[in-house]
Amino acid sequence: MTKNFLKLNDDKTEFMDIGYYVSPIKSLDLGEFSFEPVTKAKNLGFVFDHQLNMNDQINAVSQTCYLNQRNLRRIGARLTHDLKVQLVHSNILSIIDYCNAVYSGLTEKNIHKLQKIQNNAVRFIFKLYGKDKQQHIMPYLKKLHFLPIRFRVLFKVALLVFKCLNNIAPTYLCNMVELREIRRRSVRKDDDFYILEVPKPPNFTRTYGAFSYQGPKIWNELPYNIRCVTDIECFKRDLKTYYFNIAFRDCL
């Protein structure tokens, strides 16, 4: 850092040892500065924990969203339906969707936490309080064209893979996906030139959500007529329609 005329800001610098174990490192000495390991740290508004299970990030999102929902409910009686939808998009869904591509390896418990936030936002829009609160939420999600949380995550990961294949994503992401190599003795599957090479499943559950594994896996599950699209706007439209039909397949 001295060679590049840089100085470490000790007020904004944190040290975290990633693993399920308790860090054996008591402190990290960097010249005149010394740092003790922390269990969680925030970077660009995203909370990373030392076990990479995203529990602290989900808790932070839940806290912020429930606070915003409480404030919105105070003025809900004076708002129109369309204005409620706009406020939910800007104050609730935007927070849930921030960096949600890393949620592909979340546990069912954490997915359920995020889904409860979205469900409460829908109840706010349609005034589903009291006895109406017991109604099934899926028909109302369908009316608003809101994808459930699980499919919002799949949508974001698939969109990132599309950007990688079309060279409109950062280089470090593009290097994580590659097209499947065509074998000498071709089979019917080799006629599909948009199949990606899927690496072996990771050995550790905390790395199961890695983009290098989840990206090709999710991409290959898409139908061919979506994977072969080259225009990004057409791809997003077809992709949302595909996941929308799956999510609300059983919803009348």
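## Phe-124 and its surroundings

Leaving out neighbours within four places in sequence, Phe-124 touches Leu-72, Arg-73, Gly-76, Leu-79, Lys-84, Val-88 and Tyr-129 (contact means heavy atoms within 4.5 Å). This residue, Phe-124, sits in helix 3; helices here are DSSP runs of H or I with at least four residues, strands are runs of E with at least two, and both are numbered from the N terminus.

With a relative accessibility of 6%, Phe-124 counts as buried (buried is under 20% relative accessible area, exposed over 50%, partly exposed in between, using a 1.4 Å probe and protein chains only).

## The model as a whole

A word on where this comes from: the model is predicted, so local features need pLDDT of at least 70 and side-chain atom pairs count only at pLDDT 80 or more, while totals for chains, interfaces and linings use all residues. Residues are numbered from 1 along each chain as its sequence is written, and side-chain values use heavy atoms, with hydrogens and water left out.

The protein chain has nine helices and four strands, and reading from the N terminus they run β-β-β-β-α-α-α-α-α-α-α-α-α. Its C-alpha atoms fill a box of roughly 60 × 60 × 35 Å along the principal axes. Of the 252 residues, 37% count as buried. Take the contacts between residues at least 6 apart in sequence, and 59% of them join residues at least 24 apart.

## Helix 1 against helix 2

Helix 1 (residues 55-75) and helix 2 (residues 81-97) pack at about 170°, with axes 9 Å apart; the axes are lines fitted to C-alpha atoms, for helices over the stretch in contact, and angles run from 0 to 180 degrees between N-to-C directions. The two helices are therefore roughly antiparallel (over 145 degrees; under 35 is roughly parallel, 65 to 115 roughly perpendicular, and the rest oblique).

Helix 1 brings Val-61, Thr-64, Cys-65, Asn-68, Gln-69 and Leu-72 to the contact, and helix 2 brings Leu-87, Asn-91, Ile-92, Ile-95 and Ile-96. Sorted by class, that makes seven nonpolar, four polar and no charged residues (Ala, Val, Leu, Ile, Met, Phe, Trp, Tyr, Cys and Pro count as nonpolar, Asp, Glu, Lys and Arg as charged, and the others, Gly among them, as polar).

The 17 residues of helix 5 (residues 149-165) should span 24 Å at 1.5 Å a residue, and the end C-alpha atoms are 25 Å apart, which agrees; the expected span is 1.5 Å times one less than the number of residues. Among the buried residues of helix 5 are Phe-151, Arg-152, Phe-155 and Phe-162. Their cover includes helix 2, helix 3, helix 6, helix 7 and helix 9. Just after helix 5, Asn-167 takes a positive phi of about 60°.

Helix 7 has seven of its 10 residues buried, so it is largely enclosed by the rest of the structure. Those seven are Phe-211, Tyr-213, Gln-214, Gly-215, Pro-216, Ile-218 and Trp-219, and what covers them includes helix 5, helix 6, helix 8 and helix 9.

## Cysteines

Searching the whole structure turns up zero disulfides (a disulfide is a pair of cysteine sulfur atoms within 2.5 Å). For Cys-65, the nearest cysteine sulfur is that of Cys-99, 14 Å away. Cys-65 is buried, at 0% relative accessibility.

Cys-234 has its closest cysteine sulfur in Cys-228, 11 Å off and too far for a bond. Cys-234 is partly exposed, with a relative accessible area of 27%.
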